[in-house]
Amino acid sequence: MKSLLIAVKDAKTHLKDRKAILMMILMPILLTVILGSALKGMMGGGSMPETILGVYTPEANAMTASIVQTLGDDALVITVEQAKSEKQLMEWIEDREVHIGLLLPDGWGIDAKERAVILPVSGQETGAAIIRQLIETYAQMSHAITNSTISIMTEAAVLSSKDRTAIQSELAASLEKVVNEQRNYVNEPPEEESVSSMQYYAAAMAAMFLLFNAMAGGKSFHQERRSETLSRLLMTPTTVHSVLAGKFIGTILFAWIQFLIFMVATRFLLNVDWGSSIMQILFITFFYIFSVAGLAMVVAAFTSNEKMADVVGTMGVQVLALLGGSMLPLSLFPEIMRKMAMATPNSWALTSFTSIMTGTPWSTLWLPAMVLFGIGVTSIFISSLRLRRRIA
């Protein structure tokens, strides 16, 4: 009972501290918005930007009509807008109503001297290079088919009328078969579910800022000693065990409040999907907060004052956040750093959160839960031995 009263008192103290509220609750939400939006293109949730292509051709022929139809295919992220005149096309480019302009002159694709002109808007040079490659590949293929057909028919001209008719029919049937046949020349990789950048950084910021409770818990212990609240408390029938348990539970209580506010805020303000199983999220969060509370006791046990706890706690959080993937996705790290990340509690929590977001069975969560529980138990055991001697 006394431990619970100490825990509630510590949680209330944290909640009354405006700096703590700003640091532990508002800051992770803000960083989630910034990092999730800034790195959207690196992760799931981003998409290839659509390119608007303005096209003008004075007199359409089979080749120009075919290439325009090909560029406007639904499989490409290109919107084709047909200009009525070259002047209109230039106005579109000048006003940035299109990203790239394409001018197809009379006879393009038939007369080898006529060249298409590609006019990209500033900043769209990469898209222009891709469209140039598409047009050149298409033209080369068309010319290859045309020249091959002419050569075959020239050779067939010396044959009898019956043989020429048979060759023509067979050639037409072969070409039609090639054109209409749908074939895949590249194997697509198996489709894997992935989280969006906003989902990833919501999980990453939750894992990182919950770690700050280790620093806050350590500082709280030293504040009690400095103000002599701890010594007065021990003059009462309260035991050392009750004091330590109260500090431990207080860290857990405030961490839960912090996480629940953060999860609700990101869900309804940022539309972050935390997955279909809220119970799985709460399950992993319980063990993660347990390990963080254990680390808070370690900070308290191996620092001598508030300032030292602040420095050690801040540096520790930054190192763990960097190694654990809270700053940059673990997939960008070399293999050796990914192995090192397995020693950090926030890495286990972050990986579990993102797995839950994509839908994972309960069986995959037992290992991270046991690792986090082990970190917490080990931290409690080591720190309690030292703290008992210091308090006594």
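**Close-up views of a predicted chain**

**View 1. The largest nonpolar core.** Of its 54 residues, Phe259, Trp274, Tyr288 and Phe353 touch the most other members. A nonpolar core is a set of buried Ala, Val, Leu, Ile, Met, Phe, Trp, Tyr and Cys residues joined through side-chain atoms within 4.5 Å. Buried means under 20% relative accessible area, exposed over 50%, and partly exposed in between (1.4 Å probe, protein chains only). At least two core residues come from each of α7 (197–226), α9 (240–269), α10, α11 (306–323), α13 and α14. Helix α7 gives the largest share, 16 residues. A second, separate core has 17 residues, including Met63, Val68, Ile135 and Ala139.

This is a predicted model: local features need pLDDT of at least 70, side-chain atom pairs count only at pLDDT 80 or more, and totals for chains, interfaces and linings use all residues. Residues are numbered from 1 along each chain as its sequence is written, and side-chain values use heavy atoms, without hydrogens and water.

**View 2. The surroundings of Trp274.** Neighbours within four places in sequence are left aside here. Contact means heavy atoms within 4.5 Å. Trp274 is in contact with Ala202, Ala203, Ala206, Phe259, Phe262, Met263, Thr266, Arg267, Ile281, Phe353, Ile356 and Met357.

**View 3. A nonpolar surface patch.** Ile278, Met279, Trp362, Trp366, Met370, Phe373 and Val377 make a patch of about 680 Å². Patch residues have over 30% relative accessible area and no salt bridge; like charges are joined within 9 Å, nonpolar side chains (Val, Leu, Ile, Met, Phe, Trp, Tyr) within 5 Å. A salt bridge is a side-chain nitrogen of Lys or Arg within 4 Å of a carboxyl oxygen of Asp or Glu. Areas come from the Shrake-Rupley method with a 1.4 Å probe; for residues, only the protein chains shown count as cover. Helices α10 (278–301) and α14 (366–391) each give two or more residues to the patch. The largest share, 4 residues, is from α14. Trp362 sits in the loop between α13 and α14. Trp362 counts as partly exposed because its relative accessibility is 37%.

**View 4. Confidence along the chain.** pLDDT is the predictor's confidence in each residue, from 0 to 100. The chain mean is 76, and 68% of residues reach 70 or more. The chain has 14 helices and 4 strands, which are DSSP runs numbered from the N terminus (helices H or I, at least four residues; strands E, at least two). Over residues 183–189, pLDDT stays under 50, and the model has 0 contacts beyond four places in sequence for them.
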